Amino acid sequence: MEQEADSTVLITGGAGFLGSHATLVLLEAGRSVVVLDDFSNSRPEALRRVAALAGLDGWTATAPGQWRAGPSTGVSLQVVTGDVRRVGDLEAAFAQAPIGAVLHFAGLKAVAESVRQPLRYWQVNVGGSLRLLEAMTAHGCRTLVFSSSATLYGLCEQVPISESAPVQPINPYGSTKAAVERLLADAAASEPGWRIACLRYFNPVGAHPSGRIGEDPSGLPNNLFPLVSQVAVGRLPQLQVYGCDWPTADGTGIRDYIHVMDLAEGHRAALALLEQESPQFLTLNLGSGRGHSVLELVRAFEAASGRPVPWQAAPRRPGDSAVSIADASAAQRRLDWRASRSLDECCRDGWAWQQANPHGYGD
Ligand code: UFG
C-alpha cells in the first residue's frame, strides 16, 4: 500500500533550527516543500539560504508574508507566514499545493520557560498540534512526522534509553510532547489510514557544513552547544558547568549529541518509510547512541575552533540527570538510518556557522 512519494510536504516551523535543515534535505531529495512558520523564533533569511543551498532560483515575494523559490513546475519552496493555531493560516498553507505529508516542528522548546508559562506551552504545542490534525483531516492528508523529544522520558534511570522506557516528563515542555504523542495515538486508532511517526530527539547540535544555516537562538541560549559556541566566538565570557560531581568519569553530565544533518536525514528516512509501508504508528528515538560529557564537548569545540572555551564549575541545574543516551537501534532497524557524524564534526560545522554568523541571521 504505497503512497504517492512525490507530493508536496508541509513543514511547520520550517525556518527553525531543525526545520530549516529538514527543509533543505527534503528539497535536495526532490520534494517540493511548503513551510508554515510564524517567525516568532526564526527568520525568513534562514529559508532564503535554504533555497540557495538547494539550488532554487528566484526568491520572490508572492503575497504579504509569503515567498517562493524555484520553477513553477518542478521542485519549489513556498513559504507562508502563519501560526499553526490559526485555521486561516493553516488553510493558506494547504492552499499552496496538494499536501501529501506534514513534518510538524512548530512549537515552543525551552524547558525553564515552560515551567514559568505552562499554559502557553500547552496552548502552542498541544493546541497547535490539534489544529494541525484537524486541518490535515479536512484536507485528506494523513501522513505526519512529529517532532517529539527525549525529554518525555524524564529522569530515566536506565541507559541507553529505549522507546519502551516509561514516559514520565518532569516539566511542562515534556508534558506537552507526551500529550501530543497521546493525541496522535488516539487519532491513529480512531480510523484507518494514518501514517504517523513520533521522533524522539536526544540533543541536536552542529549545523549544515556550509556554515550558511545553523542554530540562531534569540537571547541567551538555554542549551550547552550554542552556549559553548558563543563563548568560543567571544559573545559570552565563560561557560558555567552545571555540576562537576555527577557519577560520571569526569564528574560532568553526559548527553547524546546528534548532528542536525543526521537528524534531518532521519526525518527523510521516516517519511520514506511511512510512504512505502502500510499505514502505521511509529515511535522512534533519534540519537547517536553515544554519550559525551560536558567537558568532552568543551575540549572538542576548542580543538575544532582553535579558541579557548573558559569555564567555571557551578551547582547542578535543577531537573538535570547524570546521563542520557539513546538506544537508537530501533531507528537503525526500521529506517535503515544511523547517525554517522562524530562529535568532532558537530563542533567543526557548528563553529563554521558561528564564525561566519557571529550574530546569527541578524548579521
Ligand atoms: N549544561 C551546562 N551548562 C550550561 C548548559 C548546560 O553544564 O550552561 C549541561 C547540562 O547540565 C547537561 C548538558 O550540559 O549536562 C546538556 O544540557 P542542555 O541544556 O544542552 O540539554 P539537556 O540535555 O538538558 O536538554 C535538551 C533540551 C531538551 C530536550 C533534551 C532531550 O534542552 O529540550 O535535551 O534529551 F528535551
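My notes below go through a helix, a strand pair, the cysteines and one serine.

**Helix H5.** First thing to keep in mind: I'm working with a predicted model. I started at H5, which runs over residues 118-138 and has 21 residues. How far does H5 reach from its first C-alpha to its last? I get 29 Å, close to the 30 Å expected at 1.5 Å a residue. I also looked for bends, and there is a kink of about 25° in H5, centred on Gly127.

What covers them? After H5 comes Gly140, and its phi is positive, near 70°.

**Strand S10.** I moved on to residues 239-242, where the side chains alternate. For the partner I looked at S15 (residues 311-314): S10 and S15 pair in the parallel sense over four bridges.

**Cysteines.** How many disulfides are there? With a cut-off of 2.5 Å between cysteine sulfur atoms, I count zero. Cys141 is in no disulfide, and the nearest cysteine sulfur, that of Cys198, is 15 Å away. I also noted that Cys141 is buried, with a relative accessible area of 1%. Cys347 is in no disulfide either: the nearest cysteine sulfur belongs to Cys346 and sits 6.5 Å away. Cys347 is buried as well, at a relative accessible area of 0%.

**Ser42.** Last stop was the loop between strand S2 (33-37) and helix H2 (44-53), where Ser42 is found. Is Ser42 buried or exposed? The cut-off for buried is under 20% relative accessible area, and Ser42 has 14% relative accessibility, so I put it down as buried. Leaving out residues up to four places away in sequence, I see Ser42 touching Ala15, Gly16 and Asp37. With Asp37 there is also a polar contact of 2.9 Å, joining the side chains of the two residues.

Terms used:
Residues numbered from 1 in each chain as written. Predicted model: local features only at pLDDT ≥ 70, side-chain atom pairs only at ≥ 80, totals over all residues. Heavy atoms only, no water. Helix = DSSP H or I, 4+ residues; strand = E, 2+ residues; numbered from the N terminus. Expected span 1.5 Å × (residues − 1). Bend = angle between axes of the 7 residues up to and from the residue. Buried < 20%, exposed > 50% of the residue type's maximum accessible area, 1.4 Å probe, protein only. Pairing = 2+ DSSP bridges. Polar contact = N/O pair within 3.5 Å; in protein donor to acceptor, adjacent residues only side chain to side chain. Contact = heavy atoms within 4.5 Å.
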